[in-house]
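Here is a short briefing for a reader who is new to this structure. It starts from one residue and then goes on by topic.

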Amino acid sequence: MMSAALILNPNAGNGKIKKELQHIKEIIESTYAPLSVYETKREGDGARLVKELESKVDLIIGAGGDGTIHELINAMCELETRPLFAVLPGGTCNDFSRGIGMDQNITKAAQQIATGRVEKVDIGKSEHQYFSNFWGIGLINEVSENIEKDSKARFGKLSYYMSTAKTITNVEPFYVEIEGDEEEFKGEAVMVVVGNGAFTGGLRPFFPKNHLQDSCLDVLVVTESNVQTFWKLFLSNFSDEKVIQEESILKFQAKHVKVTTSSAQKIDCDGERKYYTPDTITVLPRFLEVIVGNL
């Protein structure tokens, strides 16, 4: 059998994973044994554990929300020889786990890990970090920053859309220059999103047709921040790709994207906000080997 390690954020899912850990362990050990469990206590523990375990196990399982998975994936992508990776979803939105088709019920997700197939998926890379879901500036960053502290715990995914409703008419435009492989944009915008996966905030609001194995990044530029514009964006997700080039909405695909802004914009990368523009983003095709569900 292949050996495995489970890196657990004990607070994930309000402690639900930890409560059901023994049952989950039994399911996974039907295929991957022995399974060692490690709990994180603070930011950085997960990355440290990945480096310690890289040559000792065949599979690393991340158990937690998007922040935990972001940290683990960044550590995994730095390795020269990477173990297989899997996810037990335990957060509010669980965007990467949704993107690779994992069931949001942790028992069913454990069963998928035990029986699921292995695939190689694309990863996005900026100058500072890797990302599995999205890179964004403008409104997408401000929405995250404006979520009230207790709102996420009380309302879950809904808190993101409550924050969007409050933020959408107050966001300030900024000047941005974007260079893609074949397309470019120069002008004022209120939001730029570069997507690797389809999910953001637990839903597919920007790139519903995106696939983690298409070897491309999806780029979205929104120039006006109002309800009408975002309604058009929502409707465009159900239309042919050629129909969505609205005056205030631009979408295109690229393998490399360079973003420069007149004033430094804080970057939201899979929900983590540490760096600022300018930045260059690229796709790493089929870079990470993961256990998938219904991909």
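T229 is buried, with a relative accessible area of 3%; buried means under 20% relative accessible area, exposed means over 50%, and partly exposed lies in between (1.4 Å probe, protein chains only). This is a predicted model, in which local features need pLDDT of at least 70, side-chain atom pairs count only at pLDDT 80 or more, and totals for chains, interfaces and linings use all residues. Residues are numbered from 1 along each chain as its sequence is written, and side-chain values use heavy atoms, with hydrogens and water left out.

**The chain as a whole**

- The chain has ten helices and 15 strands; helices (H or I, at least four residues) and strands (E, at least two) are DSSP runs, numbered from the N terminus.
- Of the 295 residues of the chain, 54% count as buried.
- Among contacts in the chain with a separation of 6 or more, 73% are between residues 24 or more positions apart; contact means heavy atoms within 4.5 Å.

**Surroundings of T229**

- T229 lies in helix α10 (residues 227-236).
- Leaving aside residues up to four places away in sequence, T229 touches V222, E224, S248 and I249.
- The C-alpha atoms of T229 and E247 are separated by 9.3 Å, and these two residues are 18 residues apart along the chain.

**Helices α2 and α6**

- The axes of helix α2 (residues 21-28) and helix α6 (residues 106-115) come within 8 Å and cross at roughly 20°; axes are lines fitted to C-alpha atoms, for helices over the stretch in contact, and angles run from 0 to 180 degrees between N-to-C directions.
- This makes α2 roughly parallel to α6, a term for angles under 35 degrees, while those over 145 count as roughly antiparallel, 65 to 115 as roughly perpendicular and the rest as oblique.
- The crossing of α2 past α6 is right-handed, as a crossing is when the near helix is turned clockwise from the far one by less than a right angle, and left-handed if anticlockwise.
- On the α2 side the contact is made by H23, I24, I27 and I28, and on the α6 side by I106, T107, A110, Q111, I113 and A114.
- The residues of this contact divide into seven nonpolar, three polar and no charged; Ala, Val, Leu, Ile, Met, Phe, Trp, Tyr, Cys and Pro count as nonpolar, Asp, Glu, Lys and Arg as charged, and the others, Gly among them, as polar.

**Helix α3**

- In helix α3 (residues 45-53), the buried residues are D45, G46, A47, L49, V50 and L53.
- The cover over the buried residues of α3 includes β1 (2-8), β2, β3 (59-64) and α4 (66-77).

**Backbone details**

- A33 and P34 are joined by a cis peptide bond with omega about 0°, and P34 is in strand β2 (residues 32-39).
- A cis peptide bond also runs from T277 to P278, with omega near 10°; P278 sits in the loop between β14 (268-269) and β15 (279-292).
- S215, a residue other than glycine, has a positive phi near 60°; S215 is in the loop between β10 (191-195) and β11 (217-222) and counts as buried at 19% relative accessibility.
- R286, in strand β15, has a positive phi near 45° and is partly exposed, with a relative accessible area of 43%.

**Cysteines**

- The count of disulfides is zero, a disulfide being a pair of cysteine sulfur atoms within 2.5 Å.
- C93 is buried at a relative accessible area of 3%, and C216 is buried at 16%.
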